[in-house]
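Student: I am new to this structure and would like a close look at a single part, with its surroundings. Please take me through the hairpin and the sheet around it.

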Amino acid sequence: MWRTAMARATTALRSPVNGTLRATSTSFRRHYSAGSTSSSSVVVNSMILRSLKEHYTEVSKMAPPPKVSPPSPFTVVKGALDSGGPVLKRTYGDEEISISVMRMVNILPGVDPSEIDGDDEINQLFLHADISKPGQDFVLHFLCGLYPDALGIHSVSLRHKLETSGLLEVPSKYNGPSFEALDDRMRDAFHGFIEERGINDSLFPFLQAWLYVKDHRSLMHWFKSVGTCVKTSK
């Protein structure tokens, strides 16, 4: 129920205001061709603000998803909802492990979100796992596809600690062979390596719920920010 409502609300971002502007443009040509620019601007602003208010009200009434805790011993990174950085962290021996996540549809080039089934969009996540050790200049970075019942490694690379900003980015330089180019034994060993550190599909329920909450906050913030800009525009 909650994810369906979020999907509907997110769709509102892609169409209502643009649709309003298209309709308004036609209306202006018909009724305001002889009017002043000031009058046209007032009408446009009014229509946008009304649409934003309607969607803001709809989104604000959504009940949040059931609270889900991350699997122990992972803990939530403070301030993660307001940043694009790591979501979870833990230690493993002398290692520090951080987990970041985003929807797969938001990172794959050439993918049109409108052509993806709602459940597929929600149930396909990209997980970034950084594993670092004290005294080492490089971080072992795993890029994985995360699903409700599976986790698959897409790539393994080394990233310099000074280059690790916490933001989710696709590496732009060579960082080793593609994961598929490795032999089966090495691929299995890497999967065992991250499984031993708790990086597996047990993370999915929490990260999925966390993305719902983050999307909701982002959507509310977008409505308010755009409304403020329209109100203050001259």
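Tutor: S4 and S5 form a hairpin with 5 residues between the two strands, and in its turn Gly 135 has a positive phi of about 85°. Most residues other than glycine have a negative phi. The model is predicted, so local features need pLDDT of at least 70 and side-chain atom pairs count only at pLDDT 80 or more, while totals for chains, interfaces and linings use all residues. Residues are numbered from 1 along each chain as its sequence is written, and side-chain values use heavy atoms, with hydrogens and water left out.

Strands here are DSSP runs of E with at least two residues, helices are runs of H or I with at least four residues, and both are numbered from the N terminus. S4 covers residues 125-132 and S5 covers residues 138-147. The two run antiparallel and are joined by 7 bridges; two strands count as paired if DSSP finds at least two bridges between them. Within this pairing, His 128 stands opposite Leu 143 in S5.

Is S4 buried or exposed? Because 8 of its 8 residues are buried, S4 is largely enclosed by the rest of the structure. Buried means under 20% relative accessible area, exposed means over 50%, and partly exposed lies in between, with a 1.4 Å probe and protein chains only. In a regular strand the side chains alternate between the two faces of the sheet. In S4, Leu 125, Leu 127, Ala 129 and Ile 131 point one way, Phe 126, His 128, Asp 130 and Ser 132 point the other way, and all are buried. For the chain, buried residues make up 37% of the 234 residues.

S4 also pairs with S3 (residues 95-103), running antiparallel to it over 8 bridges. There, Ile 131 of S4 is the bridge partner of Ile 97. S3 in turn pairs with S2 in the antiparallel sense over 5 bridges, and Lys 89 stands opposite Ser 98 in S3. S2 and S3 form a hairpin with 2 residues between the strands, where Gly 93 takes a positive phi near 65°.

Now the sheet as a whole. Its 6 strands form an open sheet in the order S1-S2-S3-S4-S5-S6, with antiparallel pairing. S1 and S6 (150-160) are the edge strands, each pairing on one side only. On the S6 side, 10 bridges join S5 to S6 in an antiparallel run, with Leu 140 opposite Leu 158 in S6. On the S1 side, S1 (residues 75-76) and S2 (residues 88-92) pair in the antiparallel sense over 2 bridges, and Val 76 stands opposite Leu 88 in S2. The loop between helix H3 (37-60) and S1 contains Pro 73, which a cis peptide bond joins to Ser 72, with omega about 5°. Most peptide bonds are trans.

The chain has 6 helices and 6 strands. From the N terminus on, these elements run α-α-α-β-β-β-α-β-β-β-α-α. Of the contacts (heavy atoms within 4.5 Å) between residues at least 6 apart in sequence, 61% join residues at least 24 apart.
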